[in-house]
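User: I am new to this structure and would like to be taken through it slowly. Could you show it first and then answer some questions about how it is put together?

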Protein chains: 2
Amino acid sequence: MNRQIVLNQRPTTIVDDSTTRVVEVPEPTCGPNQAVVKVAMLSIDPTIRTWMNDAPGYLPPIGIGEVIRSSGAGVVVSSRSARYQVGDVVFGMTNWQEWAVADDENRFSVVPTGLGLDLATVMNVLGVTGITAYFGLLDVGEFRPGDVVVVSGAAGATGSVVGQLAKARGAGKVVGIAGGPDKCAEVVEHYGFDDCLDYRESGLSSRLRSACPNGVDLYFDNVGGAVLDAALASIAMRGRVVLCGAISQYNESGHPRGIANTSMLIMRRASMRGFIVLDFLERYGEAQSALATMVRDGALVHREHLVHGLEHAPDALNLLFSGGNHGKTLVVVDDGVALA
Amino acid sequence: MNRQIVLNQRPTTIVDDSTTRVVEVPEPTCGPNQAVVKVAMLSIDPTIRTWMNDAPGYLPPIGIGEVIRSSGAGVVVSSRSARYQVGDVVFGMTNWQEWAVADDENRFSVVPTGLGLDLATVMNVLGVTGITAYFGLLDVGEFRPGDVVVVSGAAGATGSVVGQLAKARGAGKVVGIAGGPDKCAEVVEHYGFDDCLDYRESGLSSRLRSACPNGVDLYFDNVGGAVLDAALASIAMRGRVVLCGAISQYNESGHPRGIANTSMLIMRRASMRGFIVLDFLERYGEAQSALATMVRDGALVHREHLVHGLEHAPDALNLLFSGGNHGKTLVVVDDGVALA
């Protein structure tokens, strides 16, 4: 059988017991030009929460009764497609289930062997979170050496890579923003940022101004809301704001918190630009190659937060919003699958 | 004597009788490398209101007791500078007074004669409002033929030029946003926009969606606040928002209205960029030449709203916010000065 987690009803705040339910359907069979994938690991990303809302987005909402959309990795157990060989470890939209089907429409990429990295590391640094950090900083943010860079969600899977990459490429200063003293200590001590500010304490705007007295050249925003507003107040002349996500808003129902400081974009001739990593799909290899080299050289440290058991995927998703995770959150569906 | 209007106390909402006062000081004398300018006309721009606040901006606030900062035009009546000849009509920071001094620090540009345009037209279309429209649309907004363009403050001096320029350069559709049925009629019938929406009526977001069913490629924002939010909700994939001004917010004290739809920039991979026309100072000639040609060819219509008397400058400024003006608001200080 194939256990699946489907959307039961749309959440209004955090995901709870009524949001999803577990169903069992027959294991998929392998049709022409298809491959059947035994799912090993799910990538738990904040964007999944946005797909649960009945709201316009960059992908359609997940339908009631549909399997929760998610990327993940697994191993090919049968194939009638020239794209996939039995035994290949593949990455793609597995969704929250034990068995997935890869075909021409739902394409998976074959994870190269011989990287010297385990599957969790590959799913973190070489997965969408790492790739998002790479293109968001370098392409969307037009990072330049000497830039004063501020990153929110700095202890998170994307934020931690943004900061380390900026340091490695010659940033003038890298300041993180994270929730709570433990996370802030982790950002400085483990990920090597120059400083980290706790957004849960009061006076973020003035603390940011003190940390970046000449302004913020590049602000990489993972959270939106009040933190984005504080960063706008300190934006430097011709500064750039990269909108990657707005995790502070995803569990809010009703009207989102307004951003009051947009007129700073006028005063400082600054820009704010949103992006979705899927737009860089054809250049993923470039990012993965650069990031894999950094990991092997010890220039990029990373943490994975493993949650065991498909049925715990909804709780794992909530960890992203409560801050209960440390590093990239992954759900282990089948721990018998490993990269060679 | 030199009559001046100085800042008496900072306004909290609109400018009123307590905001400014008239003072008389001796006429300036002409020092070395200086020229004395008899002021003929003041350019009344929304940005003047922002300089009255004790808040960070692209220029320092006007000090209490200082003459209200303003651009304007006049004629050189005495000169000890090689830059200016007696009789030259010049444009620069005259401030709100009858006599101004041009020197190496406060430089004026000499208005070329032989344009075949009167002074009011030059101060409108070839002044900062027209130049702002030109660079905001073409450079900051990266206008492309075929773009669906939306302009707020569409009946205003900048907005009306933005729309006509977009039409002339091959926009797919040009939609204005203005206040009240008269202004909206003027935008379509006089300035030749394809459509104009009244922001004072309810449901602006849905009316904008109907007017631009495939989304807004380029939104030129002069007003900020709720109108900016509505435009963001309709932004097209890879759309561009040009932040030129936020006139709806300038008379508001306290916290400005928050923009709720910034996450649309992520969904639509869109960007929002602020600018100040002063950044294009060295390219003003390019804009003025293009705009003067359009006026002479009848491709650019324009209106000036003349207010007579220096002492009425504060009331003239309030017209910009009440919507009581039609076209570029100018204060005639001395109607004896004319372009040859």
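Analyst: Strand S8 (residues 148–152) of chain A is joined to strand S11 (residues 216–221) of chain A by three bridges, and the two run parallel; strands (E, at least two residues) and helices (H or I, at least four) are DSSP runs numbered from the N terminus, and two strands pair if DSSP finds at least two bridges between them. This is a predicted model, in which local features need pLDDT of at least 70 and side-chain atom pairs count only at pLDDT 80 or more, while totals for chains, interfaces and linings use all residues. Residues are numbered from 1 along each chain as its sequence is written, and chains are lettered from A and ligands numbered from 1 in the order in which they are written.

User: Which residue of S11(A) stands opposite Val150(A)?

Analyst: Strands of a sheet pair through backbone hydrogen bonds, either parallel or antiparallel. S8(A) and S11(A) run parallel, and the residue of S11(A) that stands opposite Val150(A) is Tyr219(A).

User: Which strands stand at the edges of the open sheet of 12 strands?

Analyst: The sheet has mixed pairing and the order S10(A)-S9(A)-S8(A)-S11(A)-S12(A)-S13(A)-S13(B)-S12(B)-S11(B)-S8(B)-S9(B)-S10(B). Its neighbouring strands are turned by 15° against each other on average, direction ignored, where axes are lines fitted to C-alpha atoms, for helices over the stretch in contact, and angles run from 0 to 180 degrees between N-to-C directions. Two strands have a single partner strand each, so one side of each is left without a neighbour in the sheet, and these are S10(A) and S10(B).

User: Which helix makes a β-α-β unit with S9(A) and S10(A)?

Analyst: S9(A) (residues 173–178) and S10(A) (residues 195–198) run parallel and are joined by four bridges, with Gly176(A) opposite Cys196(A). The helix lies across both strands, at about 165° to S10(A). The unit is right-handed (with the strands pointing away from the viewer, the path from the first strand over the helix to the second runs clockwise), and its helix, residues 181–189, is H5(A).

User: Which element gives the most to the side of chain A that touches chain B?

Analyst: In all, 27 residues of chain A are in contact with 27 residues of chain B, contact meaning that the C-beta atoms, placed from the backbone, lie within 7 Å. Helix H8 (264–267) and strand S13 (271–274) of chain A each supply at least two residues of that side. S13(A) is also joined to S13(B) by three bridges, the two running antiparallel, with Met272(A) opposite Met272(B). With four residues, the element that gives the most is S13(A).

User: Which axis relates chain A to chain B?

Analyst: Superposed by least squares on the C-alpha atoms of residues with pLDDT of at least 70 in both, chain A can be laid on chain B with an RMSD of 0.0 Å by a turn of 180° and a shift of 0.0 Å along the axis. That is the relation of a two-fold axis.

Conventions:
Contact = placed C-beta atoms within 7 Å.
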